[in-house]
Amino acid sequence: PPNQRLIRLDEIHEHNRTADTYWVFRGDKVYDITDWVPNHPGGEVILRAAGGSLEPYWNIFTIHQKQEVYDVLEQYFIARIDPRDLVDGKAPTGQVEDPFKNDPIRDSALIQHSERPCNSETPESELRSYITPTEKFYVRNHLWVPDLHEADSHRLTIELFDGEEVVYTVADLRKKFKEYSITATLQCSGNRRSHMTQASRPTVGLQWGVGAIGTATWTGVRLRDVLADAGLDLQDPDEDIKHLKFVGAEAYGASIPIDKAIDRHGDVLLAFSMNGQPLPRDHGFPLRVLVPGHVAARSVKWLSKIVISDEESTSQWQRRDYKCFGPNVRASHPDWDSAPAIQETPVQSAITSVRRVQADQLLDSALARVYGLEEDSVVLEGYAFAGGGRHIVRVDISPDRGHTWLQAQLQEDGAKMGASGSPDDHRAWAWRQWRAAVPATQVSGKFCVKATDDSYNVQPDTFEPTYNFRGNLANAWHRVPVSRDD
Ligand code: MTE
Ligand code: MO
């Protein structure tokens with residue numbers, strides 16, 4: 001069309017993240033995405049592309065390469081690029097800074113599922129201690145690790161319900177508020193997803209084994225104390241306040257219900273250390289939220305902002321990915337809004353070791369006494385965990401595909417008290433390690449494990465009834481071949 005507006009590249013470059021309006025280009029087309037930014041499921045990360053080409057980012061975040069996304073973009077079309085700036089009909093995309101280039105080096109014992117972003121699980125051998133060694137703790141990053149190197153000066157902004165903002169540096173938090181330590185298990189929503197896939201049908205997501213889980217003692221200040229100081233009335237909050245949104249420095253976002261955030265027994269921390277050391281960069285340095293009893297996706301790392309709100313976080317990690325649908329619902333057209341976001345998690349357990357032991361090696365061991373063993377046996381180890389602060393009351397083991405059962409020995413509960421400090425308030429925020437032994441002659445088929453929590457919630461025996469296309473909350477009985485040895 002003759003009156004088609006043409007724009008020079010230099011002008012596009014001016015509409016970068018420091019400008020009032022944000023322009024991007026793709027091919028020879030220019031888009032003003034200013035109005036889209038607040039709706040972007042990935043959050044403000046989109047601003048990295050402002051003033052330049054979308055393509056290098058879409059090559060990293062390949063989720064964008066589909067018609068639905070192209071259609072959204074088309075709504076923001078404003079002009080074409082002046083042909084004087086085109087080469088072969090396209091504008092040069094230029095070099096973009098690799099956002100992953102400053103990611104930390106990881107422990108080589110971690111089992112890597114993806115490198116950029118880093119998604120690595122803990123090997124079974126490291127899942128058998130009550131506290132998971134920090135450097136072996138699973139890493140689940142959706143994006144890169146932001147470049148934060150100074151703890152004290154890192155700023156946390158709290159946006160109150162009326163829009164007013166209060167800022168604390170990490171140094172302020174340490175100075176102003178009492179410190180608490182809580183031992184809590186973090187479990188990814190996708191832990192054991194590979195088992196669901198193998199037993200049922202394909203699922204969308206990283207194919208984790210039993211190691212997208214770990215336990216640490218986290219130290220920080222209570223979120224409720226900080227909210228009260230910032231001006232939230234904990235006794236009588238405005239009744240329109242429903243959620244607390246968390247924003248990570250790299251753009252990740254999630255939210256939790258306000259009741260959990262301000263509950264005196266909820267033990268939500270703004271944590272700055274993990275097992276007595278400053279948080280490692282992969283685990284949120286210098287500040288993360290720790291939401292015990294909830295799916296780990298809510299424990300936002302590299303915390304930079306908290307928003308007191310009447311609605312959930314608009315991020316894809318709140319409104320989409322972490323939801324379960326019925327076994328019949330296909331990946332193509334879920335009604336995302338029809339299912340609630342996962343918060344507290346269901347009861348879970350796994351076998352992390354199967355070992356044949358000769359009778360003479362077992363003699364006099366506590367296990368031999370408990371189980372009255374005098375013959376060659378198989379010793380099993382594993383973990384059991386319930387969300388919502390519910391205690392594990394029992395772990396059942398079957399040596400023969402679920403025909404006969406025995407109870408595993410729950411190992412000592414090594415958790416630090418909840419932040420209320422009272423032993424009576426001791427919620428179970430952490431897993432229990434367990435152990436069991438059976439005579440080798442009783443073993444046939446597969447070992448199974450299932451746990452029961454203090455509300456008598458149990459794990460489903462198979463995956464088919466809880467199959468969901470995203471493979472979330474895979475918690476059917478863990479079945480392990482008897483021949484396995486390690
Ligand atoms: N926070 C930020 N800022 N970015 C992320 O990608 N991943 C979430 C959560 N918090 C994530 C985040 C998910 S899905 C999980 S399972 C946990 O962090 C993983 O925590 P970890 O890497 O310390 O084990
Ligand atoms: Mo996760």
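**A walk through the predicted model**

The buried residues of helix H6 pack against strand S9 (165–169), helix H4 (170–176), strand S11 (213–222), helix H7 (258–262) and strand S14 (269–274). Here helices (H or I, at least four residues) and strands (E, at least two) are DSSP runs numbered from the N terminus, and two residues are in contact if their C-beta atoms, placed from the backbone, lie within 7 Å. This is a predicted model, in which local features need pLDDT of at least 70 and side-chain atom pairs count only at pLDDT 80 or more, while totals for chains, interfaces and linings use all residues. Residues are numbered from 1 along each chain as its sequence is written, and chains are lettered from A and ligands numbered from 1 in the order in which they are written.

Helix H6 covers residues 223–230, and its buried residues are Leu 223, Val 226 and Leu 227; a residue is buried if 20 or more other C-beta atoms lie within 10 Å of its own, exposed if 12 or fewer, and partly exposed in between. Seen down the axis of H6, these buried residues fall within an arc of 100°, so they line one face of the helix, the arc being that of the directions from the helix axis to the C-beta atoms. After H6 comes Gly 231, whose phi is positive, near 125°.

Turning to the whole protein chain, its secondary structure comes to 10 helices and 25 strands. The radius of gyration of the chain is 25 Å, close to the 23 Å that the globule rule gives for 486 residues, so the chain is as compact as a globular protein of that length; this radius is taken over C-alpha atoms, and the rule is 2.2 Å times the number of residues to the power 0.38. Buried residues make up 43% of the 486 residues.

The domain assignment, which is automatic or from a database, gives domain 1 (6–85), domain 2 (111–338) and domain 3 (348–481). The centres of domain 1 and domain 2, taken over C-alpha atoms, are separated by 29 Å, and the contact takes 5 residues from domain 1 and 8 residues from domain 2.

A last stop is Asn 475, placed in the loop between strand S24 (446–453) and strand S25 (478–481). Asn 475 counts as buried because it has 26 C-beta neighbours inside 10 Å. Leaving aside its neighbours within four places in sequence, Asn 475 is in contact with Arg 192, Pro 346, Val 347, Gln 348 and Gln 459.
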